[in-house]
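Here's a quick look at how this chain is put together. Have the viewer open while you read.

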Amino acid sequence: MQVVYVGQNPANNATGNQYWPEKVTAEPGSMVQFQFWTGNHTVTQSSFDSPCEPITQDANGTAVAAIKSGFMPAEESADMGMIPVYTVMINDTKPLWFFCGQGEHCAGGMAMVINEK
């Protein structure tokens, strides 16, 4: 399992509206776990062409069931001694693009990709 830190990178204590790392390569059958350390963020699937909009269909125009974590309020969970997580199963090697749906976070650069081509 690979881990993506959301809002804070505990390895160096960096904080911000960011995913660490912003690029992940994951094999089919593996999982990527998003750990929400600070803030109130989401993991929302998008596309390369529209990085700050939820995806609704694939490149062929077929409707897709997009990955969407919903908001994860890290501070409330930290008060209870927990870190919210959201895990994504990787089914193939196609790129998966994600952004944070909180306010202007995506416009400020809070986006990432799994299996970039």
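## Strand pairing

In this predicted model, S46 sits opposite W97 of β9. That pair belongs to a stretch where β6 and β9 (residues 96–99) run antiparallel, linked by three bridges.

Zoom out and you get an open sheet of four strands, ordered β3-β10-β9-β6, with mixed pairing. At the edges are β3 (23–24) and β6 (44–46), each of which pairs on one side only.

As for solvent, K23 is exposed, with a relative accessible area of 55%. E116 comes in at 39% relative accessibility, which makes it partly exposed.

## The nonpolar core

The largest nonpolar core has 19 residues, and the ones touching the most other members are Y19, V32, F34, F98, M112 and I114. Elements giving two or more residues to this core are β1 (2–9), β4 (31–36), β9 and β10. Which of them gives the most? That's β4, with three residues.

Setting aside neighbours within four places in sequence, F34 is in contact with V4, V6, Y19, V43, P84, V85, Y86, V88, F98, M112 and I114.

Methods:
Residues numbered from 1 in each chain as written. Predicted model: local features only at pLDDT ≥ 70, side-chain atom pairs only at ≥ 80, totals over all residues. Heavy atoms only, no water. Pairing = 2+ DSSP bridges. Buried < 20%, exposed > 50% of the residue type's maximum accessible area, 1.4 Å probe, protein only. Core = buried A, V, L, I, M, F, W, Y, C linked by side-chain atoms within 4.5 Å. Contact = heavy atoms within 4.5 Å.
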